[in-house]
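Here's a quick briefing to read with the structure open.

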Amino acid sequence: MSQSNAQVVQTLLATIVAAFLCAQGHAARAQQAPIFGMNFSFNAVDVAKIDQCKTSRSSTVRHSAFLPRYDQPEVRENVKQSLAEMKASGFKAIRTLIFFGEPSRSKDWFDSKRDRDRAARNVRDYIDDVAAAGFQQVALVYGVQGESSPSCRKEQWGDCFRPDTLASTNAFISSVRAALGPKPPLPIIYDIGNEMCAPPNLPALLKETVGRYVLSVASNYRKAFPNDDTTVSCSLLRFG
């Protein structure tokens, strides 16, 4: 296994096998065999920090999300090499997170207000590279962070969510999507609410903040891009 491919595996901690089916449930597509894919959002792993994973799940990949750095030639070339190796290994789909929030407190996030144009360019370039590598499908996942996230937590889940950031969240999501044009170079599933569905086990406050967030984002997105394959994904047993 090459060093680049090993980095991908370490980043994920395991090879993630995903079946990407259209979230809107087109009957013809539902009858097709699943497409196997890979989670891919980071391009470097600090193996010296593996022991810290017990207290911080992102310790080994902090400051290595590639989309906010995709305008750096060395980062883009590294990602393109990893894409080529994953495709050669037999994967046909990719799932990538777009981290963003207001204000940005991490090099792994785009700032929802300041970075809209840069995020749009970086994501468009990345999608072009995924298509050029020969993948059949990509899932773009909007991963809202910080006080823009309905799961923002100081003492309990949802207690630091700022509803006033919803306007910049919607503007950021729309800006990134619009840059891809009406006909992107390969089929895309848009996860507009990563782990944002509200199963019954959610704490009451979190259920309220998540509901408010999803209602705003889903309503705005479907009005602007009614023909997109969209989804709001779920997290099971994460919030306690």
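Helix H5 (residues 166–179) packs with helix H6 (residues 204–224) at an angle of about 40 degrees, and their axes are 10 Å apart. This is a predicted model, where local features need pLDDT of at least 70, side-chain atom pairs count only at pLDDT 80 or more, and totals for chains, interfaces and linings use all residues. Residues are numbered from 1 along each chain as its sequence is written, and side-chain values use heavy atoms, with hydrogens and water left out.

**H5 and H6**
- The two helices cross right-handed (the near helix is turned clockwise from the far one by less than a right angle).
- Helices here are DSSP runs (H or I, at least four residues), and strands are E runs of at least two, numbered from the N terminus.
- Axes are lines fitted to C-alpha atoms over the stretch in contact, with angles running from 0 to 180 degrees between N-to-C directions.
- On the H5 side, Leu166, Thr169, Asn170, Ile173, Ser174 and Arg177 meet Arg212, Tyr213, Ser216, Val217, Asn220 and Tyr221 of H6 (contact means heavy atoms within 4.5 Å).

**Aromatic rings**
- The whole structure has 10 aromatic pairs (Phe, Tyr and Trp rings, using the six-membered ring of Trp, with centres within 6.5 Å; planes under 30 degrees apart are stacked, over 60 edge-to-face, the rest tilted).
- Phe40 and Phe66 have ring centres 4.8 Å apart and planes at 45 degrees, so they make a tilted pair.
- Both Phe40 and Phe66 lie in the loop between strand S2 (36–39) and helix H3 (73–88), so the pair ties together parts 26 residues apart in sequence.
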